[in-house]
Structures are given as structure tokens and as C-alpha cells.
Amino acid sequence: MTSYVVTYDLNGDEGSSAYKPLINEIKRLGGHKYQFSAWLINGSNTAEELHDHLKKLMDKDDALWVSEMVKNRYYSGAKAGTNNWIKENPASR
């Protein structure tokens, strides 16, 4: 399994019903929201496959970034539970 960082810029309000399928799918995949528009997801797909899967649930003019999480990282201000999620889903390289 690979841990990914998923970030997006939505042109609409994230709370709008139009984005419920996207947010629900990220949650279904076990995603952890660590900042306002950023999630951590652990999966067996490639970054491209995960991107393409999630992009189908977004408006065409929304932005999406999927990148493998690596061991060389540092962060601050993440939401509660982030350290635990990372501990349970460590980066593979």
C-alpha cells in the first residue's frame, strides 16, 4: 500500500451538495483530512489512477493534486489525528 497526499481547489463551496460524492468517496477510501483542502489516503492504486478516480467526482474546472507521501516530510498545524494516521500508514520510501 502507498500513502498519498491529496489536495484540491474547488471552485464551489466544499460544503455544497455537489461535492458530497467527492468527500464521501475520500472518506470511503479511509482518507484523513489534515488541512482544509488536503487529505491523506492509503491505497494500492498509482497516483494517476487515484487522481483519475477522484477527478470524475469534481467539476472540470476544479484542481486536483495527488502525490506519494515520502518519509522526508515536516508539517505543522495539521488537524487532530494526523500523527496517528501517519503512524498507522507510514510512507513506503
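Is Glu 25 buried or exposed?

1. In this predicted model, Glu 25 is buried, with a relative accessible area of 12%; this follows because buried means under 20%. Glu 25 forms a salt bridge with Arg 28, with the closest N and O atoms 2.8 Å apart. Both residues belong to helix 1 and are three residues apart, about one turn of the helix. Arg 28, by contrast, is exposed, at 59% relative accessible area.

2. The count of salt bridges comes to two. Besides the pair in helix 1, a salt bridge joins the side chains of Arg 93 and Glu 68, at 3.0 Å from N to O. This pair links distant parts of the chain, 25 residues apart: Glu 68 lies in strand 4 and Arg 93 in the segment after helix 3 (82–88). Arg 93 counts as exposed at 60% relative accessibility, whereas Glu 68 is partly exposed at 24%.

3. Glu 68 also lines the largest pocket, together with residues including Val 5, Tyr 34, Leu 40, Arg 73 and Ile 86. The space in this pocket is about 200 Å³. Its lining has eight nonpolar, one polar and two charged residues.

4. The largest nonpolar core has 15 residues; among those that touch the most other members are Val 6, Tyr 8, Leu 22 and Leu 64. Elements giving two or more residues to this core include strand 1 (2–9), helix 1 (20–28) and strand 4 (63–68). Apart from it lies another core, of eight residues, among them Tyr 34, Leu 40, Trp 85 and Ala 91.

5. Beyond its neighbours up to four places away in sequence, Leu 64 touches Val 6, Thr 7, Tyr 8, His 51, Leu 54, Lys 55 and Met 58.

Definitions and conventions: Residues numbered from 1 in each chain as written. Predicted model: local features only at pLDDT ≥ 70, side-chain atom pairs only at ≥ 80, totals over all residues. Heavy atoms only, no water. 1 Å grid on protein atoms, 1.4 Å probe; cavity = no way out; pocket = protein on both sides within 12 Å on 5 of 7 lines; lining within 4 Å. Points joined across faces, edges and corners; volume = space filled by probe spheres on them. Nonpolar A, V, L, I, M, F, W, Y, C, P; charged D, E, K, R; others polar. Core = buried A, V, L, I, M, F, W, Y, C linked by side-chain atoms within 4.5 Å. Buried < 20%, exposed > 50% of the residue type's maximum accessible area, 1.4 Å probe, protein only. Helix = DSSP H or I, 4+ residues; strand = E, 2+ residues; numbered from the N terminus. Contact = heavy atoms within 4.5 Å. Salt bridge = Lys/Arg side-chain N within 4 Å of Asp/Glu carboxyl O.
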